[in-house]
Protein chains: 2
Amino acid sequence: MAQLNAESLPDLSSGAVFLATGGGGDPYVALLSAQQALAEHGGVELIAVDELDDDAFVAAIGSVGAPTASLELLPSTDDPAKALAVFEKHVGRKLDAVVSFEIGGGNSLIPLIAVAGRGIPVVDGDGMGRALPEAQMMTYPIAGIPSTPAVALDYLGNIATFSTDSTETYERHIRAMAQAMGGMITTVEHPMSGKQLKSSVVPGTVSFATGIGRILRRNRGNAPRILAPLRKAFAGSMYGEPKHLFTGKVTDYTSAIIGGYDIGKAMIETFDGSGPKLEIEVKNEYLLARIDGQVAASVPDLIIILDFETSTPINAERLRYGQRVTVLGIACPDFYRSQKALARVSPRNFGFNIDYTPLENLTAHHQPLPPAPSGPHSHS
Amino acid sequence: MAQLNAESLPDLSSGAVFLATGGGGDPYVALLSAQQALAEHGGVELIAVDELDDDAFVAAIGSVGAPTASLELLPSTDDPAKALAVFEKHVGRKLDAVVSFEIGGGNSLIPLIAVAGRGIPVVDGDGMGRALPEAQMMTYPIAGIPSTPAVALDYLGNIATFSTDSTETYERHIRAMAQAMGGMITTVEHPMSGKQLKSSVVPGTVSFATGIGRILRRNRGNAPRILAPLRKAFAGSMYGEPKHLFTGKVTDYTSAIIGGYDIGKAMIETFDGSGPKLEIEVKNEYLLARIDGQVAASVPDLIIILDFETSTPINAERLRYGQRVTVLGIACPDFYRSQKALARVSPRNFGFNIDYTPLENLTAHHQPLPPAPSGPHSHS
């Protein structure tokens with residue numbers, strides 16, 4: 001069993017923001033909380049999926065809400081552990097391990113904060129292999145695992161519990177409570193056996209994200225230079241090869257909290273304003289990228305926006321007018337290309353009137369990578 | 001201990017709609033459900049407040065939501081009993097009695113449906129002495145009784161539970177869940193001892209409402225004829241004397257479900273269109289009556305709208321353009337004129353920029369009662 005310690009967290013956090021495709025929540029406060037928790041209580045064991053006992057009792061933990069809320073409504077370091085305790089009391093059973101909703105931003109760190117000092121491991125895997133905005137889009141419910149019993153905790157210690165047969169209903173209920181509880185809550189949900197987890201989890205994503213974060217740190221510099229080492233890291237992974245979709249500057253960005261989600265749209269133009277434009281649709285995550293109206297990448301494939309100068313991945317709630325960015329597309333793990341998964345995560349599930357086309361069949365409109373500009377380029 | 005049987009329910013229902021001041025939910029389906037439950041399981045014991053043991057375990061039960069939803073989203077007869085069972089499992093203790101949120105419309109009948117066949121009594125009293133739209137406006141929380149642990153059940157059997165120190169927060173949470181659960185839910189809440197109940201309940205309102213319903217039935221006929229027997233019934237009660245505010249026809253009625261409440265406004269003009277106009281503001285209940293802009297009655301005093309021809313009390317969600325109506329005002333029980341209560345139920349709590357003035361100090365604008373017209377007048 002591997003050990004995660006405070007020192008490895010910045011890489012995990014940054015790699016998780018990369019995989020989050022814009023969502024998952026801003027990791028800044030979660031990273032500070034996780035570093036403090038692990039510095040105080042020692043490292044947390046990261047258990048590989050196949051090391052887990054079939055009869056282990058596991059639940060998924062994470063934050064639910066509009067990511068922009070997490071920029072203003074600061075969570076307490078104690079919330080995740082409290083949420084676990086509330087959950088265990090509610091179901092009358094102690095957990096043997098916890099797993100992440102999604103390997104995205106802050107949500108990759110919540111499980112670590114929750115178990116620090118508890119002596120139970122975090123599973124090396126997650127329920128999305130990326131971030132997605134709704135509960136029923138997780139691999140656990142797609143594989144048939146009930147979402148409830150589940151609990152929600154807000155930053156004031158208020159508690160709600162949920163019981164329903166339908167994950168779509170569960171999503172509606174937690175979303176309503178997230179709105180009523182100030183915009184952001186911690187939930188513990190999808191209680192499952194080790195065996196159920198093995199049948200549904202996206203494996204290895206915590207260590208994979210940490211590796212991606214390491215590459216981003218060691219190759220810090222402008223985006224054209226990061227693509228080669230990134231491709232090397234993704235080779236042999238369950239994801240496809242990172243593809244360059246577009247490089248330019250953000251010339252429009254609108255965002256609003258609607259129905260408890262961040263809903264937005266970004267327009268990105270080339271640096272000199274000539275040539276095509278890329279438009280990105282946001283629902284917590286980057287869902288659809290169109291170049292001059294033609295689909296360049298769509299959910300469930302990953303759309304990643306990097307800061308052009310530093311290759312830092314940018315969460316949707318941090319996207320700003322004038323930023324110079326590079327947009328990448330990466331084919332999602334095969335699980336999300338199954339009929340069962342696409343029934344919940346295709347572009348149509350988000351209201352876009354198009355069928356899903358795999359990223360690799362959409363290359364016609366992808367822009368060539370511009371040459372690397374001169375500028376600072378650290379290598380540590 | 002008195003007994004309530006299926007035969008007494010129409011009077012209770014109609015008297016409760018009278019006291020509901022427009023809210024409390026349409027009683028039609030609840031009445032059928034209660035009649036069926038009591039016909040099947042026998043009568044339900046109605047326990048007087050002072051007969052209750054100080055250490056009895058009691059909780060309040062009722063429906064929460066926008067009353068208009070109850071016209072379309074029909075509840076199941078089993079819901080109240082199921083909600084009690086879910087609550088007892090959640091708190092790990094059996095109830096000795098249940099009490100109503102509010103002696104209003106359908107909510108006066110929910111406790112009876114819940115305990116039919118269970119052998120536990122319903123308390124002769126309620127938490128409002130009328131109907132009011134928000135949880136923190138009940139006498140129980142005003143007297144300091146915590147709202148949670150509490151449970152909510154929807155018509156599909158989905159369950160949520162709540163835990164919070166603040167009744168205002170509790171109200172926000174159940175309202176959000178009522179919206180997410182289809183508009184109307186059954187909640188069990190405000191667990192309390194017999195002693196706590198005695199310190200907070202509005203006593204005797206179930207039997208009082210039944211008496212009012214009996215008067216409405218026996219004196220069925222136009223509104224000018226009902227006032228004398230009503231005044232007799234209210235004399236010596238904890239309410240004031242029924243006052244005639246206005247008689248006319250509904251010339252405007254707008255209503256919308258906003259934030260999980262029915263929000264509306266009614267304009268009532270004299271039959272011949274001459275003279276003053278009465279405007280009524282609605283938030284689930286009739287909250288404020290103004291005659292040509294001058295306050296004629298306001299929450300927490302009771303505003304009642306009767307069908308002019310039959311004296312049938314009309315719920316807000318049944319108010320329609322063209323109805324001929326008589327509007328009455330009745331001073332609320334003293335409890336709601338205390339500083340502590342007015343801090344939660346004055347006109348300002350509903351967004352009206354006026355202080356509360358007791359009904360009896362507002363008589364200047366009340367209209368004289370028109371003469372009784374000829375027409376059908378049954379007396380049974």
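How many residues does helix 7 of chain B have, and how far does it reach from its first C-alpha to its last? Helix 7 of chain B has 14 residues and reaches 20 Å, close to the 20 Å expected at 1.5 Å a residue; the expected span is 1.5 Å times one less than the number of residues. Helices here (H or I, at least four residues) and strands (E, at least two) are DSSP runs, numbered from the N terminus.

Before going on, a word on the model. It is predicted, so local features need pLDDT of at least 70 and side-chain atom pairs count only at pLDDT 80 or more, while totals for chains, interfaces and linings use all residues. Residues are numbered from 1 along each chain as its sequence is written, and chains are lettered from A and ligands numbered from 1 in the order in which they are written.

Back to our helix. In helix 7 of chain B, 13 of the 14 residues are buried, so it is largely enclosed by the rest of the structure. (Buried means that 20 or more other C-beta atoms, placed from the backbone, lie within 10 Å of the residue's own.) After the helix comes G182(B), with a positive phi near 105°.

Now look at where the chains meet. Chain B and chain A give 14 residues each to their contact, where two residues touch if their C-beta atoms, placed from the backbone, lie within 7 Å. On the chain B side, strand 7 (159–163) and helix 7 (167–180) each supply at least two residues, and helix 7 gives the largest share, seven residues. Because 100% of the interface residues of chain B are also interface residues in chain A, the copies meet through the same surface.

Strand 7 of chain A runs antiparallel to strand 7 of chain B, joined by five bridges; strands pair if DSSP finds at least two bridges between them. Among the partners, T161(A) is bridged to T161(B).

How do the copies relate? A rotation of 180° with 0.0 Å of shift along its axis superposes chain B on chain A, with RMSD 0.0 Å, by least squares on the C-alpha atoms of residues with pLDDT of at least 70 in both. The two copies are therefore related as by a two-fold rotation axis. In chain B, T161(B) has the C-alpha nearest this axis, 2.5 Å from it.

Finally, look within chain A. An automatic or database domain assignment gives domain 1 (2–203) and domain 2 (227–359). Their C-alpha centres lie 24 Å apart.

Technical notes. A residue is buried if 20 or more other C-beta atoms lie within 10 Å of its own, exposed if 12 or fewer, and partly exposed in between; C-beta atoms are placed from the backbone.
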